[in-house]
Amino acid sequence: MNSPADRPPAPDQSRPEYQNEGIRTLLAMFDHGDPEERLRLGQILQGLQQSAFGAFLFIAILPSFIPIPGLGGAVSGPLVILIGVQMLCGLRRPWLPGFIANRGPRRGTMHRFLVKIDGALRRLDRMLKPRRPSLLAPLPAHAFTGLLLVLTGVLLSLPIPFTNYLFGFQLLLFSLALLERDGTLMLINWIGAIAAVLFFSFSSGQLLQYLAELFQRWF
């Protein structure tokens, strides 16, 4: 009989273990079914635990890859800001207003997007894994990621020429880090987002002006 010292420690109920909610598992739901079926965000995120923000962000950035100037950022930017604000406030799961929860992409739209990035996803799949949880789970790290998402979402919303794909790809990496619980990738994202915010803050007064307008509007 094992002594008490030999028994494994009881799991910490306040911090559920990571579940397999990685990018491939989550996106399998888009592979089969009616291409015209609209997948509601509320249904997609229901039941997810640690990966809910990552899945929400992944879907939110889809419009930023639409090759129509101004349209993608105008749609994706506010959604990214909404995600960032919730993480900044310490929420562990997204809160969705009804008019957002009842909307979502068509299955066929998601499938076409996945086909375009399939090669990159397969390569990333071999590199990404749950690691460095201290850069994801603690509240300060969670909130700091939210702050950077707010700032990047603001940049995406601004009519800065030729930047939709740039910020969309950066936010895609944020979503993958959240989905795969990969702290190493999140650290790379932090560095990239800080560099982008500093560059566009100094090279264009639009970011500071837009933030000032948002602050005056909300407060």
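Predicted model: local features only at pLDDT ≥ 70, side-chain atom pairs only at ≥ 80, totals over all residues.
**Entry 1: overall make-up**

I counted the elements of the protein chain and found ten helices and zero strands. Read from the N terminus, the order is therefore α-α-α-α-α-α-α-α-α-α. I then turned to the contacts between residues at least 6 apart in sequence; 80% of these join residues at least 24 apart.

**Entry 2: α4 and α7**

I examined helix α4 (residues 71-88) against helix α7 (residues 139-157) and found that their axes come within 7 Å, crossing at roughly 160°. An angle over 145 degrees counts as roughly antiparallel, so α4 is roughly antiparallel to α7. The crossing of these two helices is left-handed.

I listed the residues that make the contact. From α4 they are Gly-73, Ser-76, Gly-77, Pro-78, Val-80, Ile-81, Ile-83, Gly-84, Val-85, Met-87 and Leu-88. From α7 they are His-142, Ala-143, Thr-145, Gly-146, Leu-147, Leu-149, Val-150, Gly-153, Val-154, Leu-156 and Ser-157. Sorted by class, the contact of α4 with α7 has 13 nonpolar residues, nine polar and no charged.

**Entry 3: α3 and α8**

I next took helix α3 (residues 52-60) with α8 (164-180). The axes of α3 and α8 come within 7 Å and cross at roughly 155°, which means that α3 is roughly antiparallel to α8. I recorded this crossing as left-handed.

On the α3 side, the contact is made by Phe-53, Gly-54, Ala-55, Leu-57 and Phe-58. On the α8 side, I found Leu-171, Leu-172, Phe-174, Ser-175, Leu-178 and Leu-179. The contact of α3 with α8 comprises nine nonpolar and two polar residues, with no charged residue.

**Entry 4: Asp-182**

Where does Asp-182 lie? I located Asp-182 in the loop between α8 (164-180) and α9 (183-203). Is Asp-182 buried or exposed? Its relative accessible area is 0%, and buried means under 20%, so Asp-182 is buried.

I checked the polar atoms of the Asp-182 side chain and found one of them 3.1 Å from the backbone nitrogen of Leu-185. Setting aside neighbours within four places in sequence, I noted that Asp-182 is in contact with Met-127, Leu-128, Lys-129, Arg-131, Leu-136 and Ala-177.

Notes:
Residues numbered from 1 in each chain as written. Heavy atoms only, no water. Helix = DSSP H or I, 4+ residues; strand = E, 2+ residues; numbered from the N terminus. Buried < 20%, exposed > 50% of the residue type's maximum accessible area, 1.4 Å probe, protein only. Polar contact = N/O pair within 3.5 Å; in protein donor to acceptor, adjacent residues only side chain to side chain. Contact = heavy atoms within 4.5 Å. Axes fitted to C-alpha atoms, helices over the stretch in contact; angles between N-to-C directions. Parallel < 35°, antiparallel > 145°, perpendicular 65-115°, else oblique. Left-handed = near helix turned anticlockwise from the far one by under 90°. Nonpolar A, V, L, I, M, F, W, Y, C, P; charged D, E, K, R; others polar.
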